[in-house]
Each structure stands twice: as C-alpha cells, then as structure tokens.
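Biologist: Can you walk me through this one? I will ask as we go.

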Amino acid sequence: MRAPRSASPRTPRTSLLSLRLSFIEALGLAPVYLVAWSYSGHAAFEAALRRPDLFRRVMVYEPGVPSYVTDPEEVAAFGRDAQAIYGPIATAASAGNLEEAARLMIDGSGGDGYLDRQSPEYRTIIRDNLHSLPCLMAQEPPPKITCEDLTTLRMPVSIVHGGLTRPVFAIPSLAAARCIRHARHVEVPGVGHLWPQESPHGFSAVVEELDRTT
C-alpha cells in the first residue's frame, strides 16, 4: 500500500487546497462526504489523496482532467474534443471578446444555443463575472494525478457522468472509474455536463442515494 500523496510545491493552488483541508479540520466534522463537479473533481481527488483521513466518501461528477486517461485512443479523442471546445474560447478571450468566450464556454458544455435559452437572471450572472475569465484561462496547470495514484484511494468513491455529455468530460470519467477498481460508476441517462445546475434536486437525490447504497 502506497503512502498518502505528499504535498506539492507551494503555489497559490496548493495553498488554497491546504486552507480547505484546514477548514474541514477546523469544523470538527471529519471524515466528511466530499462531492465535486467538473474541474473541482480533480481537486477532490487531490484532497483525498493528500488527506484520506478527512473523507469518508467521495463522489465526483464528470472530472475534466485527462491525467488518469491511459488508453492512447481515448487520449487522442480527448485531445480532439478539448481543442474543439477550448480552442475557440481561448481565441475569443485572447482577442478581448469575453462575452463571446463565455458564450462558447457555456454552449460548449450545454450545447449550441444553451446560454441564449437561459433566463435573464442567469445571463446577468454570466455577464457580471466576465472579469474572471482571463484568470480562468491563465490558471496554472492542474496537478498530474495518475491512474496509479487513484488506485491508492481506499474510501468509497462514486464516479458519475451524464449519458449526453461530450467526450472531454466522459472520457476522464470512464478512466477514473476504471482506475479506482472499487468505485461505483453511474451513468445518468439524458443529461449532460451542466446537469447539477439544471436539476439541483435530481443531482442531490443521486448524491444521497449513493451515500445510502454504497
């Protein structure tokens, strides 16, 4: 059995992770049930590897980082879809067209025209947060968590993805589920990457059901 993952060199990201782990300790509620979605799923894996004693269970919906994808064909398919979704976003953001970059990002996850179909309140929230896009695009690369790293997780883990999600999210989900051999893998029919915000009650029901049955 491998030892828990050692701390990464101190950076803004690792400092924030340390603060979050300290916050969990300060609450006095550990071990907790950690639920994460998309990029935060990778952060959840890092936290669970760093401090497994703080987590009784981990549930990740559609992690979006490919460092645990090992099949060459899947790596290539991920790369093609990542370029299709993120390439135009980077181009628009570099040109200073943040509204277009945000539209491409939301539509890339939800489907063509997704942002335009949302409520005025939703679109206002997106516009009010356009200033965060340059920081998002310039963030440091995520830590390289390998398939071998994931095999060391011992707490119950659930990996969930939507039946309609695109390869850039489905491929890492499937890979993570294969790496964590004891993980429960669930595919939710008829939903995509933005399902947690589209149906908070439906998502929460799956989170609670996994806690009761695994």
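**Cysteines and overall fold**

Modeller: Start with Cys135, which is exposed, with a relative accessible area of 59%. Exposed means over 50% relative accessible area, buried under 20%, and partly exposed in between (1.4 Å probe, protein chains only). This is a predicted model, where local features need pLDDT of at least 70, side-chain atom pairs count only at pLDDT 80 or more, and totals for chains, interfaces and linings use all residues. Residues are numbered from 1 along each chain as its sequence is written, and side-chain values use heavy atoms, leaving out hydrogens and water.

Biologist: Is Cys179 buried or exposed?

Modeller: Cys179 is buried, at a relative accessible area of 5%.

Biologist: How many disulfides does a search of the whole structure find?

Modeller: One, counting a pair of cysteine sulfur atoms within 2.5 Å as a disulfide. Cys147 and Cys179 form it, with their sulfur atoms 2.1 Å apart. Cys147 lies in helix α7 (residues 147-150) and Cys179 in helix α8 (residues 167-179), so the pair ties together parts 32 residues apart in sequence.

Biologist: Which hand does the link of Cys147 and Cys179 have?

Modeller: Left-handed, with -120 degrees about the S-S bond.

Biologist: New topic. What does the secondary structure come to?

Modeller: The protein has 10 helices and four strands. Those are DSSP runs numbered from the N terminus: helices are H or I with at least four residues, strands E with at least two.

Biologist: And how much of the protein is buried?

Modeller: Of its 214 residues, 43% count as buried.
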